[in-house]
Amino acid sequence: MMSSYDDQDRETYDRRQEQLLRERMLDGRHENDIISEIMKDYAPEIAMELTLNPDLSENTFRMVLSQLAVSYDEAPMVSADDVEDFDAIITPEIWPKMQQRDLITRGLRECFVRLDWPSSDSVVQEVRYRVIAPGHIVKCIALEGQPDRPGCLTERRMRTRLDEAGKPIRVETFETWDITKEEPVFMIEELDERGDRVDRTGLYLDSDEYPYRDDEGAPIFPYVMYHAQMQDRLWDYKAGIELVRGTLRLAVGFTSWWDAYSNSANPQRVAIDLDLPAGQAQTLSQSRNVETITAGPKTILKFSSQRDGTGRIDTYPPGLSPMDGINALRAYAERLAIFAGLNPGDLVASGSPQSGISIIVSRDGQRRAQAKAEPVNRLGDQQLLSIAARLANAYGGQSLPTDERAYTIEYAQMGLSETERKTLIENLDREAGLGLVSRVTMVRELHPGLDSDEAALAFLVAQKQHENMLADALGELEVEEEDDADIDGALMEISAAREMIRSGSVDRAALDEALLAIVAELGGDDDQPDIEDGEE
């Protein structure tokens, strides 16, 4: 029996809280987090009204990161020596799921992918992949000598099993995999009535054996941990905290802006030397009383004078105009985007009112972010394919390489937009006219995926070969068309000669000329013997 999963060390607790917050923000489930932020920023009387309908329309955290997570928008190309069939490990679901994994990794700094082999023969025999946000990992220990790779972890996940009455129920479980010990450990635990974790592996598996082993009998650890950057530790969950906290504060500011926008249409009024009608007392959560009067633009309020003289009603001017407020929020959002690892020049912010405070990352900024993430993505993908190959070899009868370095992965580069390409071609054309750039340089500029001069030269050679092949094919087509035309002409001449003979009105000179023309059309000698009288 083990202690409750809530009984964790402080660092693990802080890590999970930060990661779960970021996961909620990526999923749009952070309304309560905005409410908590409002309660911290405003007095209870003001916060009470603002928390009734917090604004969720502005999520700079998700807006920026979703534009940067483009590494898997096009499927990478995978190759390995002497391997042609990757169907068992490169499944239709792997690269679409990597899009989700890429977004989580950028936002939460780490992400896990779980691998499994189907236990039923009735389904397609291929590796299954499952993306896991790191906040659901309640325990994680690195391998000795590899501080950035886990060898032991516990995943908190919901499972379905049958209860004592045979009915399916959903239960919270804690699944542990550990290959750091001499004997590998696999265990599934549940919480008992006291909140303690107890071993319930027997309810889910019929055997006590470690579930996954390769062809050599070595245990397979079915998790791959992806990182946002190369590092010598497991966690980097505090990185980018400025963007996270700023996004919550921006949501509070936008909630307040909407309240100010509404109040600017119905400005605050104050009565001087006048008694207001009786208000309605409300008690706040902090046991403080506040008296309010519910009024709208069409409400008629009756006031009475406090003295014989005449009282008056004044109007407070708005503290901030709505447009000034939204421009300030836009500037704050642009400032936050820099903490996503962008340069100021990578942002394309429209000043039009229709754009709101949306942040647009330029394609050049997206390409730089993609190139920066490529080495760490490749490292994780190679590890993923290696583990998948061990599973496929052991349980699917495959013969795939298990060495991580055996897999070559080429990621598709984001191309130029039409506007970018047009501008680039015009600039290169001017520079080429001045003799400032070579064809190799021009090709590399127009095709960012060609990352070396050798690749650009190979591209140019291939293009020239294609042009030569096209020219040869067109030449053969023209010859065939000429031959067809000659045959068509000969057939027409033969038809005319037959018609002359059939009609009986044979013009000897015309017939000789037609026969000679037919012979010439068919490629015969021009010097043909004359046709004797009486010959047909």
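Where does E84 lie? I looked this up and found E84 in the loop between β1 (77–79) and α5 (94–108), where helices (H or I, at least four residues) and strands (E, at least two) are DSSP runs numbered from the N terminus.

Before going on I noted that this is a predicted model, in which local features need pLDDT of at least 70 and side-chain atom pairs count only at pLDDT 80 or more, while totals for chains, interfaces and linings use all residues. Residues are numbered from 1 along each chain as its sequence is written, and side-chain values use heavy atoms, with hydrogens and water left out.

I then checked the accessibility of E84, which is exposed because its relative accessible area is 83%; buried means under 20% relative accessible area, exposed over 50%, and partly exposed in between (1.4 Å probe, protein chains only). E84 gathers with D81, D82, D85 and D87 in a patch of negative charge on the surface. Such patches are made of residues with over 30% relative accessible area and no salt bridge, like charges being joined within 9 Å and nonpolar side chains (Val, Leu, Ile, Met, Phe, Trp, Tyr) within 5 Å. Lys and Arg count as positive and Asp and Glu as negative, with His and the chain ends not counted.

I looked at D82 separately, since at 84% relative accessibility it counts as exposed. D82 is found in the loop between β1 and α5, and has a positive phi of about 60° although it is not a glycine.

**Helix α5 and its end**

For α5 I noted 15 residues and a reach of 20 Å from the first C-alpha to the last, close to the 21 Å expected at 1.5 Å a residue; the expected span is 1.5 Å times one less than the number of residues. Among the buried residues of α5 I listed I94, W95, M98, R101 and D102.

Which residue follows α5? I found R109 there, with a positive phi near 80°, in a residue other than glycine. R109 sits in the loop between α5 and β2 (110–116), and I recorded it as buried because its relative accessibility is 17%.

**Salt bridges**

How many salt bridges does the structure hold? I noted 27, each being a side-chain nitrogen of Lys or Arg within 4 Å of a carboxyl oxygen of Asp or Glu.

In the pair of R249 and D41, I read 3.3 Å between the closest N and O atoms. R249 lies in helix α6 (residues 241–265) and D41 in helix α2 (residues 31–41), so this pair ties together parts that are 208 residues apart in sequence. R249 counts as partly exposed at 44% relative accessibility, and D41 counts as partly exposed at 33%.

I next took E189 and R197, whose salt bridge has its closest N and O atoms 3.0 Å apart; E189 and R197 are both buried.

For R367 and D364, the closest N and O atoms of the salt bridge are 3.8 Å apart. Both residues lie in helix α8 (residues 363–396), 3 residues apart, about one turn of the helix. R367 counts as buried at 12% relative accessibility, whereas D364 is partly exposed, with a relative accessible area of 34%.

Lastly I followed the salt bridges that share partners, which join R114, D116, R130, E155, R157, R159 and E175 into one network.

Methods. Accessible areas come from the Shrake-Rupley method with a 1.4 Å probe; for residues, only the protein chains shown count as cover. The place of a charge is taken as NZ of Lys, CZ of Arg, CG of Asp or CD of Glu.
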